[in-house]
Amino acid sequence: FLLPFLSPSIVSLSPDSSAMPPQLQSQNQSGPRILQGDLSALSPAVKEFVDANVSLCQPDFLHICDGSDEENRAILTQLEEQGMIKKLKFENCWLARTDPRDVARVESKTVIVTRDQRDTVPTPLGGGVSQLGCWMSVEEFDKAMAQRFPGCMKGRTMYVIPFSMGPVGSPLSKIGVELTDSPYVVASMRVMTRMGKAVLSTLGTGEFVRCLHSVGCPLPLKKPLVNNWPCNPEQTLIAHIPDRRQIVSFGSGYGGNSLLGKKCFALRIASRIAKEEGWLAEHMLILGITNPAGEKKYMAAAFPSACGKTNLAMLCPTLPGWKVECVGDDIAWMKFDNQGNLRAINPENGFFGVAPGTSAKTNPNAMETIIKNTLFTNVAETSDGGVYWEGMDQSLPEGVTITSWKNKPWSSEDGEPCAHPNSRFCTPAGQCPIIDPLWESPEGVPIEAIIFGGRRPEGVPLVYEAFSWQHGVFVGAAMRSEATAAAEHKG
């Protein structure tokens, strides 16, 4: 499997947005105080995983997530009190503003840990750094862990998040357990995965992917936070250890780096599991198309991030009599069934879509999906409690002003965008008005075509068709796409 192309950059920090939040002294003398859940009720393997990382990270409190509405309300209230999110005018909608240095996936600090480099990336002819990902040796990784994780959660709560990628109990689904010190991650994982008690019951004593995440800011703080957003960009590392079924993330609170069920599990670790078990984990949307005669077919489509997967997955046909329904907008797990049909599930439970460019014109279904139960990150805010971004194509009421993602007054004459180019909405998939009736089908939907695409405004035809499946594999493997804002942001 391949990591996206590298394009490292660091964003300068605005000093006037710094503030020290209330300081908490670490109380951890003899292990953490359990705020919720029963540690002894966990399976031996899960308990061992939790105990080992409690000893390593030294949190003051432990919270075993149950996924309930009450827990979610408490988490959101806590985030609001800490100044990490702000209530918006829409039903149960919230806005988070991050530290400007923590705004996207950090591919240059995202590594695969294997014994041999060739197990991760090809060796470039004549040496040099591969463009297809970053490899780290086991020895380097162990050293990096020892430099970062001891005591990293002092003063904070360790949340234990049991989650299922795919419908709970589906033969195509897989389970993970994420340990994190970020309540923002807890709130987001509840949207993006099936999370809580039911997952632990289904897991029993079975296998699970071990996910460890820390923002890397033990209390009391050594430096002031920006936008009340804890992160440690100088020490950021996102590591995948396929042999151990393990994901370790440090220093970033941003979605793709901290919601470890998403890219880290559902694509990177899952592609290794899939290789061993005989299935596929792919960066693809899934949609169903019904023609005027009532014949329905499902298709998958592979585009890089920020290239239009969400818009295509929620397409509004302009041809009379045609109908499109959405199964998923980002990731597909595909496996041949006993009859030889390729079937796919969307392992996610929500949409983590790029906001800029989303409008009533480009994606009315997404706009309808995100008006409730949605967590927005790094979009602009209107003075009446709404959200705004480039390409929204909505005129504001007279007197309504805009505050940018940098928490500063903004006007169109400023020469910079009001929303970060990689700003996101995190919203439940079940709210989509064209969600497919079979989107949670345990056996998946049958795939009859695969589309490959990317951001290529010139030099190639807009659309072209492969001659055969073999030619299609060649075309798909050879495609390139321009870099997008989904990776490190320059500016």
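Modeller: The model is predicted. About 30 Å³ of space lies in the second largest cavity, and the structure holds 2 cavities of 30 Å³ or more.

Colleague: Why is this space called a cavity?

Modeller: It is called a cavity because a 1.4 Å probe fits there but cannot get out.

Colleague: Which residues line the second largest cavity?

Modeller: The lining consists of M84, S182, P183, V215, W229, P230 and G253. A residue is counted as lining if it has an atom within 4 Å of a grid point.

Colleague: How many residues of that lining are nonpolar, polar and charged?

Modeller: By class there are 5 nonpolar residues, 2 polar ones and no charged ones. Gly counts as polar, so G253 of the lining belongs with the polar residues.

Colleague: About 1000 Å³ of space lies in the second largest pocket. What makes this a pocket?

Modeller: A pocket is an open set of points with protein on both sides within 12 Å along at least five of seven lines, whereas a probe in a cavity cannot get out. Of the 27 residues lining the second largest pocket, I450, I451, F452, V463 and Y464 are the closest to its centre. The lining divides into 18 nonpolar, 5 polar and 4 charged residues. Both β28 and α10 supply at least two residues each.

Colleague: Which residues of α10 are called buried?

Modeller: In helix α10 (residues 469–478) they are G472, V475 and G476. Each is called buried because its relative accessible area is under 20%.

Colleague: Why do you say that they line one face of the helix?

Modeller: Looking down the axis of α10, the buried residues fall within an arc of 95 degrees, so they line one face. On the other side, Q470, V473, F474 and A477 are exposed, which means over 50% relative accessible area. The cover over the buried residues includes β28 (445–452).

Colleague: What is the order of strands in the open sheet?

Modeller: The 4 strands are ordered β24-β23-β25-β26, with antiparallel pairing. β24 (387–388) and β26 (409–410) stand at the edges because each has a single partner strand, so one side of each is left without a neighbour in the sheet.

Notes: Residues numbered from 1 in each chain as written. Predicted model: local features only at pLDDT ≥ 70, side-chain atom pairs only at ≥ 80, totals over all residues. Heavy atoms only, no water. 1 Å grid on protein atoms, 1.4 Å probe; cavity = no way out; pocket = protein on both sides within 12 Å on 5 of 7 lines; lining within 4 Å. Points joined across faces, edges and corners; volume = space filled by probe spheres on them. Buried < 20%, exposed > 50% of the residue type's maximum accessible area, 1.4 Å probe, protein only. Arc of directions from axis to C-beta. Contact = heavy atoms within 4.5 Å. Pairing = 2+ DSSP bridges.
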